[in-house]
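Please work through the exercises below with the sequence and the structure side by side, and try each task before reading its solution.

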Amino acid sequence: MNKIEAITVLAILAFITLAGLSIIMKGAAVETPSPQPSASIQPTALLQTQTVQLSVKNGYYEPRTITVPKGTRLRIEADANTFGGCMTTLLIPDFGISKTITSTDNVVEFVADKTGSFAFHCPMGMGQGTLIVN
Ligand SMILES: [Cu+2]
């Protein structure tokens, strides 16, 4: 084997080795999962948001009935100017909501994730409204 043949053989061996390595690395890359949006974030982003302007009129929350499809992200924007006395605190017990409305903190947001008819009212049970999730 002369020098040129030896170099040729080495070059071929090097080529085969590199080609093999690149195939192995490509295989590994395919097996590595590409980054996916977190499962806990994705469904939330897909939720429909429904915004309701809530006020207090004649001792009742207005609208007195709020209806949303199940799975809706319900955003209640309270008109703080109309909220006074005990009505200032809005309770939706079935969704763990107890929110004291102020002019700078007047938004209640939660996912209506169960169907049914749920009461909302002040801490004393006044101002009765109904949230219907269907
Ligand atoms: Cu009250």
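Predicted model: local features only at pLDDT ≥ 70, side-chain atom pairs only at ≥ 80, totals over all residues.

**Exercise 1: the sheet**

Solution. Next, look at the strands as a whole: β1 (residues 49-57) and β4 (residues 72-78) pair in the parallel sense, over six bridges. Both belong to an open sheet of four strands, whose order is β2-β1-β4-β7 and whose pairing is mixed. Because β2 (60-62) and β7 (107-112) each have a single partner strand, they stand at the edges, and one side of each is left without a neighbour in the sheet. On average, neighbouring strands of this sheet are turned by 30° against each other, direction ignored.

**Exercise 2: the core**

Determine which element gives the most residues to the largest nonpolar core.

Solution. Start with the core itself, which has 17 residues, and in which Ile76, Ala78 and Phe83 are among those with the most contacts. The elements giving two or more residues to this core are β1, β4, β5 (89-92), β7 and β9 (129-133). Of these, β4 gives the most, with three residues. Finally, inspect isoleucine 76, which touches Val52, Leu54, Val107 and Val108 when residues up to four places away in sequence are not counted.

**Exercise 3: a loop residue**

Decide whether asparagine 58 is buried or exposed.

Solution. Asparagine 58 lies in the loop between β1 and β2, and its phi is near 50°, a positive value in a residue other than glycine. Since it has 6 C-beta neighbours inside 10 Å, asparagine 58 counts as exposed.

Conventions
Residues numbered from 1 in each chain as written. Pairing = 2+ DSSP bridges. Axes fitted to C-alpha atoms, helices over the stretch in contact; angles between N-to-C directions. Core = buried A, V, L, I, M, F, W, Y, C linked by C-beta atoms within 7 Å. Buried ≥ 20, exposed ≤ 12 C-beta atoms within 10 Å, placed from the backbone. Contact = placed C-beta atoms within 7 Å.
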